[in-house]
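Student: Can we go through this one term by term? I'd like to hear what each label rests on.

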Amino acid sequence: MTLQHVDRLRIEAVAEFARAGDTSAVLAELPGEFTRYCRFGHAAVLVFPRSLDELAADLRSSGLEVGERVASVVVRERLSRRHDRPLETLEVGLFRAPVADGREIEIFALAVPPGSDLDEIAAAERASGSETHVGFEVTAPDRIALSGLRTALLDSGFAPDGGGYNAHVDVTVLYFRTDAEDPLLRRVELVSAGAHADMLAAHGVQAEQPAKALLGLMTGAWATQAIGVAAQLGLADRMAAEMPTAALARATGTDHDSLRRLLRYLASLGVVRRTGDTFELTALGELLRVDAEHSLHPLAVMYATSFYESFGSLAYSVRTGREAFEHIFGKNHFDYFAERPELADLFDRAMASSASMFGRVAELADLPSARTVVDVAGGNGELLGRLLRAAPHLRGVLFERAHVIEAAHAALEKAGVADRCDFVTGDFTAGVPGGGDLYLLSRVLHDWDDAQCRRILARLAEAMSPGASLLIVERLLPEDDTPSLAVAWDVHMMCNVGGRERTAGHYAELLAEAGFGVESVHELALDAALLRAVKLS
Ligand SMILES: C[S@@+](CC[C@H](N)C(=O)[O-])C[C@H]1O[C@@H](n2cnc3c(N)ncnc32)[C@H](O)[C@@H]1O
């Protein structure tokens, strides 16, 4: 026998109750006409067998005609939340069995294998009877009937307890709770065909969801910090398979309890997942490993430190139209980083960490027809290195501010292409190297306002021969409300650099003023785009 005697008795009590169909015990206080508009459909109980597989046979041997077992997602989630247990450690099934006159019993079952530590959940749930309930099906599935029944229950001392609309079966369910002594009578469900959004709203269900959604948004800064702290601690690199959290705390020099709580929050964000008593990285979390391909580790640190501080003064940017970064740190961010080698290095690596957007550039750039590619403000050379590797005949020029050139040289050396590259220091508002037939401006124009963009493009136009190509990599603001990372990054630009994201049309105007014609626009990864423009005569 897989069921304990106590659970057997609980099932029998529920079955007997449903068989008798006597609603008066539940609804003694309700007006008689209540039952004219609804029927007692089911009674439900949660039990705790050793094994779900054996339970069906066990129930059948006791005379119940149970159907096939289905998984119960909702009860499993509620138990996981109520008892703070990982979902994957809980196996919950649902068996239905008809009893009399179209009524049935629902037997929810949480598997409690011998030796497991789930006994305490079983004891607590048997005592509270939180999942035990009776369900009424509304027989006149119109708004007035449902509304009247709801009012009758509320007037009789039942309190609203959530609900929802199940689109798969087109059914609305309202939950009610009361503090009746008998656990069987503490929860009532009203089940009505159709969607009744207004009833759910009246029941507090819709009002609760926007508040929950807004809470999630308002605490986005906590997520930024949690991910940033994980990156700073090197959690992703130090988490080994099945590593106890105590060992991870030792390896990272952190307080064990605090680390576990941080990991639980990161699990709720989808960065890690629980496995038994420990945690492992999800696909998102893998991107926080320093050595992961396209690692976002430096960006996670950047967004939780310098750019976090400046975002704290977003209001300044919105009020004045000037960048908060300069307001907070006293200098334009490029100048500020230039004086701090560690920050400059972090920034360069952070820029390179979203380099997956460069994936298609080599293929779209028409490299066979180019001889010399000039990367203007090329950062640490991530994009130039890719193009030089893709086209062995190509020569490159990396043009940058002095403090970045050294890092770029080292990176292109490592990529094995530094011998085909010249490194030129300079200021793109003063002039850029001539002699190239392909020019790159990757994620540069969005750092600046229109006036500065005109200056930069004018210097490029002076340096380039007619017919030379200019490739621009930027996130394009959609002309409509299509979701795009560009929308959030536009605010980032406003706050931190005084620049902006632009629509393709806006870039085309700036380019036309400088004597360029846009030839094509291609989508790249991470909501970026490649604009190809040609220098007109
Ligand atoms: C956002 S980063 C883009 C780097 C690279 N093109 C990429 O896509 O990864 C902008 C670059 O502009 C460079 N920069 C800023 N002001 C400059 C100036 N006046 N002259 C030349 N480069 C400049 C910065 O050093 C920085 O590397």
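Student: What is the strand order in the open sheet, and what counts as a pair?

Tutor: Two strands pair if DSSP finds at least two bridges between them. Eight strands form the open sheet, in the order β2-β3-β4-β1-β5-β8-β7-β6, and the pairing is mixed. Strands here are DSSP runs of E with at least two residues, helices are runs of H or I with at least four, and both are numbered from the N terminus. Keep in mind that this is a predicted model: local features need pLDDT of at least 70, side-chain atom pairs count only at pLDDT 80 or more, and totals for chains, interfaces and linings use all residues. Residues are numbered from 1 along each chain as its sequence is written, and side-chain values use heavy atoms, with hydrogens and water left out.

Student: Why are β2 and β6 said to stand at the edges?

Tutor: Each has a single partner strand, so one side of β2 and one side of β6 (159-166) lack a neighbour in the sheet.

Student: How do you know that β2 pairs with β3?

Tutor: Two bridges join β2 (residues 70-71) to β3 (residues 92-100), and the two strands run antiparallel. Val 70 stands opposite Leu 94 in β3.

Student: And what makes β6 and β7 a pair?

Tutor: Six bridges join β6 to β7 (residues 171-177), again antiparallel. Gly 164 has Val 173 in β7 as its bridge partner.

Student: What links β3 to β4?

Tutor: Eight bridges, with β4 (residues 103-110) running antiparallel to β3. Arg 96 stands opposite Glu 106 in β4. β3 and β4 form a hairpin with two residues between them, and Asp 101 in the turn has a positive phi of about 45°.

Student: Why is α9 called oblique to α14?

Tutor: The axes of α9 (residues 220-233) and α14 (residues 297-304) come within 8 Å and cross at roughly 125°. Under 35 degrees is roughly parallel, over 145 roughly antiparallel, 65 to 115 roughly perpendicular, and the rest oblique. That angle therefore makes α9 oblique to α14. Axes are lines fitted to C-alpha atoms, for helices over the stretch in contact, with angles from 0 to 180 degrees between N-to-C directions.

Student: Why does Ser 353 count as buried?

Tutor: Buried means under 20% relative accessible area, exposed over 50%, partly exposed in between (1.4 Å probe, protein chains only). Ser 353 has 4% relative accessibility, so it counts as buried. Ser 353 lies in α19 (residues 341-353). Leaving out residues up to four places away in sequence, Ser 353 touches His 294, Ser 295, Leu 296, Pro 298 and Leu 299, where contact means heavy atoms within 4.5 Å.
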